[in-house]
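Open the model in your viewer and keep the selection tool at hand.

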Amino acid sequence: MSAICRCARFSRVSTLKTNWMQVMTFGCNAHPLQRRTPDVLRRVRNATHLSDVTMASVGKSTFARLMQSACRDWELVAEPVSKWQNIESGTSKGTDASPQSTVSNLLQMMYQDPERWSYTFQTYSCMSRLRTQLQPPPARLLRSEGTPVQVYERSIYSDRYIFALNMFELGCINSTEWAVYQDWHSLLVEQFGHQVELEGIIYLRAPPKRCMERLRCRGRAEETGVKLEYLDKLHVQHERWLVEKSTELHFEKLKRIPVLELDASEEFQSDPEVQEEFIRKMKNFFKAL
């Protein structure tokens, strides 16, 4: 994802009743100082899943609607943003205090004080995405006679190689936190990697300036302080990983993941011809996986 990368994850159900294939994709989106792109496909039983559709400022929501209207067997699994905005915790002060009475907006805290909260946010966001990816496909897709595909806004891989890495390079995550995060992330992949492997990545590319415009139109309160420089940096991270292939990856299979690049700088929201082209490319991409 250049400019502002979009990520999307898709799960496709294979025609074989004995195997599941999940495809996840990564993208770049304005997210607690981050963007998203599609990225991961994983083997599941009877279905293919594409994970990681991160492209808020790139037109992720429009892209999601386009996908779902194009094929009833394609489903988008949204990022658990509401969980990041509403973290409940019990209180230890006072005997009359009710449990889970404290609600924190970690997304907002991350934006307001990234040096304090980047490590906490990246750890929690990665964990919440993993939980989402580990959920079984809905029964509707399992019963499908076609080729079901689940699209996830983001994956645990974009979390590390785009967003967490970006915050480390910006100095918002220190070297000790980065070492701990990477060790923790690698352990998660070792334990659950076979369930969240990527088989394909959909990269929605759009210039950072265009992404900034779309971000403002979206109007999410937590994102009012996002700067163009931040989106530029995210764009660079996506380009390094998905285009230049220069990002240092620690998992061999991740280095061979096919990437579908879509030009999201175009106003595909209102152009039927561009929408048809996107759909055609996605169908061919899924078929080739």
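What percentage of the 289 residues of the chain count as buried? The share is 54%, where buried means under 20% relative accessible area, exposed means over 50%, and partly exposed lies in between (1.4 Å probe, protein chains only). This is a predicted model, in which local features need pLDDT of at least 70 and side-chain atom pairs count only at pLDDT 80 or more, while totals for chains, interfaces and linings use all residues. Residues are numbered from 1 along each chain as its sequence is written, and side-chain values use heavy atoms, with hydrogens and water left out.

**Stop 1: the whole chain**

Select everything and colour by secondary structure. The chain has ten helices and ten strands; helices (H or I, at least four residues) and strands (E, at least two) are DSSP runs, numbered from the N terminus. Now show the surface. The accessible surface comes to about 12800 Å², by the Shrake-Rupley method with a 1.4 Å probe, and for residues only the protein chains shown count as cover. Carbon and sulfur atoms hold 49% of that surface. Contacts are the next thing to consider, a contact being heavy atoms within 4.5 Å. Among contacts in the chain with a separation of 6 or more, 76% are between residues 24 or more positions apart.

**Stop 2: helix H7**

Select residues 175–192, which form helix H7. The expected span of a helix is 1.5 Å times one less than its number of residues. For the 18 residues of H7 that gives 26 Å, and the end C-alpha atoms are 26 Å apart, which agrees.

Which residues of H7 are buried? They are Trp178, Tyr181, Gln182, His185, Ser186, Leu188 and Val189. Look down the axis of H7: these buried residues fall within an arc of 160°, so they line one face of the helix. The arc is that of the directions from the helix axis to the C-beta atoms. On the face of H7 turned away from its buried side are the exposed residues Thr176, Asp183 and Glu190.

**Stop 3**

Select Ser125, which lies in helix H4. Is Ser125 buried or exposed? Its relative accessibility is 0%, so Ser125 counts as buried. Leaving out residues up to four places away in sequence, Ser125 touches Trp84 and Asp159.

**Stop 4: salt bridges**

A salt bridge is a side-chain nitrogen of Lys or Arg within 4 Å of a carboxyl oxygen of Asp or Glu. How many are there by this rule? The count comes to 14 salt bridges.

Select Glu75 and Arg140, whose closest N and O atoms are 3.2 Å apart in a salt bridge. This pair links distant parts of the chain, with Glu75 in strand S5 (residues 74–77) and Arg140 in helix H5 (residues 139–142), 65 residues apart. Glu75 is buried at 19% relative accessible area, whereas Arg140 is partly exposed at 31%.

Move to Arg129 and Asp159, another salt bridge, with closest N and O atoms 2.0 Å apart. Arg129 lies in helix H4 and Asp159 in helix H6, so the pair ties together parts that are 30 residues apart in sequence. Arg129 is buried, with a relative accessible area of 1%, and Asp159 is buried at 0%.

Then select Arg240 and Glu169, whose side chains meet in a salt bridge (3.5 Å, N to O). Arg240 is in helix H9 and Glu169 in helix H6, 71 residues apart. Arg240 is partly exposed at 29% relative accessibility, and Glu169 is partly exposed at 38%. To finish this stop, select Glu79, Arg129, Arg154 and Asp159 together: salt bridges that share partners join them into one network.

**Stop 5**

Select residues 228–243, the 16 residues of helix H9. H9 reaches 21 Å from its first C-alpha to its last, close to the 22 Å expected. Its buried residues include Tyr230, Leu234, His238 and Trp241.

Last, select Lys245, in the loop between H9 and strand S10 (259–263). Most residues other than glycine have a negative phi. Lys245 has a positive phi of about 60° although it is not a glycine. At 52% relative accessibility, Lys245 counts as exposed.
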